[in-house]
Amino acid sequence: MRLSRFLMLRIAAVSLAMMACALLLALWQARLNIAREERGATETARLFDELDGLESGPAGDMPAHLSALRQISAQGRLRHLQLQLQDDHGNDLLPRLPETSTPLQRGYAWLLPPAYGGVKPTTPQWNLQRADGRRFHVTLLLDPGSERSESLTDIAGLLGILLGYGALTLLAVYVALRLALRPMRKIIYAIGQYQRDRYDYRLPPLRLLELHTIGQALNHMAQSLASSQEARRRLDLQLRSLREDERSRLARELHDELGQRLTAMRADTAWLVRRSLGQPPLADVANALAEHCEHVRHALRDLLQRLRARQPYEDEDEPLPLHRLLHELVDSWRDMPDQGTRFELAMAIDEHAVGGDVALTVYRLTQEALTNIARHAQATRVGIRLALHDDGRLEWSVCDDGNGLTDPGQAAYRGNGLVGMRERVWALHGEIDMFATHPHSSRPGLTIRARLPLQPVSATSLTNDRLAHGEPDYPS
């Protein structure tokens, strides 16, 4: 159904309902007017009956007739008329009705044109002559105030109907728009998911044609972006796998070539040291050569460790020993000369449950984080932690008490090292964030925290995992 048709149907339904209400109100008003007319006619007939009794009735009934006339005059039920009764001396026998008009009625009367076109009508007057000689003077004064009051009531009722109709129409349009645009919450929710790179969410079929078209376009866009993002992730993993293979090849070449030659050089240097005993100049040179060989050996070992996670003798098909690798990495930083930083490593996770790609990513993330801390942070304490998060994913974090970053969120998109860490986590469908360890301290430090799946996942399995953990399929 089109949005225009949906709105028109709702507004038409409200209009019909309002017309029915207006008809019922008009019928009620007509019934009230008829009742007034009937009551006025009855009172007028009663008036003339009482006047006839006052003129021709017995003298003993005069007080009763006068009392009835006073009652008729006091009740004000004579429509558009007022009765004035005087004796033959000009004394009023009936009380005058007090002025009861409100300021609104007086203002309304001022706005109306003059009654009867400005020509004063003839006032009906006649005399009542009793047989006993008493006379009464009767005057019927025209009273347009009652008609004004009734017309004012009719106008107020009409205005009330119009105001009610307008208010209910606006309410109907508001309700209709809310009902029509309620699926927009799903569309806004979907856009929010896509802004967080969660392209697995799909909009259900929507009732209105225009919104359904928008939803289908968003679903198509999300599908295209999900396919493109998944292709980028696969390409990134392939490039990193090729890079790791190249690192392993270089490490093997260095180990096989330089390692053997360095071993031979160390043996020759040791022979020179033994033969130069007693010859101070030659002994100094031989000892210097031995120290250089030792420095080269340490440098080569560190280089091999950075290039290759595994040891040269380890089988490529065996699971990556994450616990041992991280312990060796942290120990290598602890053993560095002039090291004033205290390193703490806490691992509360089974390394056999962590996939090879995930374990290698954790190792590289830790390498990069420790390198950045050593270069820039000037930290005195560094904590590395691995644990299982509540959602079943691996949570890795490195925190320090160093200089920190002015804006960790923006820095994650600038430096090569931090950008590389973010890309590694993204390629495995993980999440990473960076924030100050102690925000209000002079040395705020930096905490880098990532959540990774224990095993590499595809987009389909990631969708099922999110739904299994209670992620809503649509906004409530």
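**The chain and two of its residues**

Reply: To begin with the surface, the chain has an accessible area of about 29000 Å², and 58% of that belongs to carbon and sulfur atoms. Please keep in mind that this is a predicted model.

Me: OK, how many helices and strands are there in the chain?

Reply: The chain holds 12 helices and 8 strands. Of its 476 residues, 33% count as buried, and among contacts between residues at least 6 apart in sequence, 66% join residues at least 24 apart.

Me: Now serine 276, where is its place?

Reply: Serine 276 sits in the loop between helix H6, which spans 209–275, and helix H7, which spans 280–307.

Me: And why does serine 276 count as buried?

Reply: Serine 276 counts as buried because its relative accessibility is 1%, and the cut-off for buried is under 20%.

Me: What does serine 276 touch, leaving out residues up to four places away in sequence?

Reply: With those left out, serine 276 touches Leu282, Ala283 and Ala286. Serine 276 and alanine 286 are 10 residues apart in sequence, while their C-alpha atoms are 7.3 Å apart in space.

Me: Switching topic: is asparagine 219 buried or exposed?

Reply: Asparagine 219, which lies in helix H6, is buried, with a relative accessible area of 11%.

Me: Which residues is asparagine 219 in contact with, neighbours within four places aside?

Reply: Apart from those neighbours, asparagine 219 is in contact with Tyr194, Arg202 and Leu203. For leucine 203, the backbone nitrogen lies 2.8 Å from a polar atom of the asparagine 219 side chain.

Methods:
Residues numbered from 1 in each chain as written. Predicted model: local features only at pLDDT ≥ 70, side-chain atom pairs only at ≥ 80, totals over all residues. Heavy atoms only, no water. Helix = DSSP H or I, 4+ residues; strand = E, 2+ residues; numbered from the N terminus. Buried < 20%, exposed > 50% of the residue type's maximum accessible area, 1.4 Å probe, protein only. Contact = heavy atoms within 4.5 Å. Polar contact = N/O pair within 3.5 Å; in protein donor to acceptor, adjacent residues only side chain to side chain. Areas by Shrake-Rupley, 256 points an atom, 1.4 Å probe, with all protein chains shown as cover.
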